[in-house]
Amino acid sequence: IIRKEETSTRRRPFSRLAHDWQAMLFPDLRLRDFPDAYAQTVAFAMLLACASGVTFEGKSVADISDQLAKHHPLMGRALLVLTNPVAEQALTVPGVLREVLAPVRWEDLKGTKSAYWLMYEDFLREYDPALRRETGSYYTPDLVARLMAEFTDLVLKQLMGIPRGFASEEVTAVDPAMGTGTFLVEILRCAARTIAAEQSEEGLPPSLRDVSRLRLIGMERQAAPYAVAELRMHQTLRAYKTEVPETSCRYLADTLDDPSAQVLDYPELFEDFRQSREGANRVKLDTRVMAALTNPPWKERAARRAPAAWIVRK
């Protein structure tokens, strides 16, 4: 559609949508990459809605977006923006996904150990192996992430003199390439063990909620793994009988973007995106981070993309 619009003298809604998506969220996004970003974002937003208990029967995609936004505001807004009436009329993707996912019983899937691999990494391997290599989208096994988180927790406690480790108010942790949230989940589990050992069972949920809401930061530039990370974090908090905070420090943003660059005025429809990008920029400029755990993309690609000037200034 975008290629057709390039030679058309009529309105160019998809090209405009691509430019808006680029300007509001990802300045380095190439126009030719937008169709893939569109497809993955819509697919995983609707899968996230399914996993969050949103029923699809008798609902339009706009209705599904509204219901998703109650649990995951940013992804709900993304689905609404990308499936506006013009897009929904021109493409069959949203309608097909709605029909495919409507009969899915998420409770039959979420207990499967490989569910998250199937949701993103295995999907991407089959969908576009070249894109997987280009973006460095490789899932970190849970056991590896657990070892790294527990080791870092011990370093904080035993070598840095912070007895509560990740549970301490002194410690802000970040995964600047959070992918599907594996490291964030393991950090949260470390904090939960420390809190549970020093408090009653009743004291765990509010303390763990504060860790998740205030001191556990994640950034991800692709909407699909971001959606999976949201699902994993919500499910982990609920497993500890902890209320999911209305706000968090997880951002749909490019870690390497210059936080001081001028940002265009956001239309009201993009308000959630503005908040996400500004939140990520505040972290880059002002937040004192104690620990960083991540599995970043290949350094060769990052080296070519990194806006070295602002990173060096920091």
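1. Is Lys241 buried or exposed? Lys241 counts as exposed, because its relative accessibility is 66%. The cut-offs are these: buried is under 20% relative accessible area, exposed is over 50%, and partly exposed is in between, with a 1.4 Å probe and protein chains only. Lys241 sits in the loop between helix 13 and strand 3. Its phi is near 55 degrees, a positive value in a residue other than glycine. Most residues other than glycine have a negative phi.

2. A word on the source. This is a predicted model, where local features need pLDDT of at least 70, side-chain atom pairs count only at pLDDT 80 or more, and totals for chains, interfaces and linings use all residues. Residues are numbered from 1 along each chain as its sequence is written, and side-chain values use heavy atoms, with hydrogens and water left out.

3. Now the overall make-up. The protein has 16 helices and 4 strands. Both kinds of element are DSSP runs numbered from the N terminus: helices are H or I with at least four residues, and strands are E with at least two. Of the 314 residues, 47% count as buried. Take the contacts between residues at least 6 apart in sequence: 75% of them join residues at least 24 apart. Contact here means heavy atoms within 4.5 Å.

4. Two strands pair if DSSP finds at least two bridges between them. Strands of a sheet pair through backbone hydrogen bonds, either parallel or antiparallel.

5. Look at the bridges in detail. Strand 1 (residues 173-175) and strand 2 (residues 216-220) run parallel and are joined by 3 bridges. Ala173 stands opposite Leu216, and Asp175 stands opposite Gly218. Strand 2 and strand 3 also pair in the parallel sense, over 4 bridges. Ile217 has Cys249 as its bridge partner in strand 3, while Glu220 has Leu252.

6. How many residues of strand 2 are buried? The count is 5 of its 5 residues. Leu216, Gly218 and Glu220 lie on one side, with Ile217 and Met219 on the other. In a regular strand the side chains alternate between the two faces of the sheet.

7. Ala177 lies in the loop between strand 1 and helix 11 (182-198). It counts as partly exposed because its relative accessible area is 22%. The C-alpha atoms of Ala177 and Arg221 are 7.8 Å apart, although 44 residues separate them along the chain. Asp153 belongs to helix 10 (residues 142-159) and is buried, at 7% relative accessible area. Leaving aside neighbours within four places in sequence, the contacts of Asp153 are Arg164, Gly165, Phe166, Cys190 and Thr194. His234 is in helix 13 and is buried, at 5%. With neighbours within four places in sequence left aside, it touches His71, His72, Val244 and Arg250. His234 and His71 are 163 residues apart in sequence and 9.3 Å apart, C-alpha to C-alpha.

8. Last, the second largest pocket. It holds about 600 Å³ of space. Of its 27 lining residues, the closest to the centre are Pro73, Glu246, Thr247, Ser248 and Arg250. Helix 4 (61-71), helix 5 (73-82), helix 13 (223-239), strand 3 (249-252) and helix 14 (271-286) each give two or more residues to the lining. Helix 14 gives the most, with 7 residues. On a 1 Å grid over the protein atoms alone, a pocket is an open set of points where a 1.4 Å probe fits, with protein on both sides within 12 Å along at least five of seven lines; lining residues have an atom within 4 Å of a point. Grid points are joined across faces, edges and corners, and the volume is the space filled by probe spheres set on the points.
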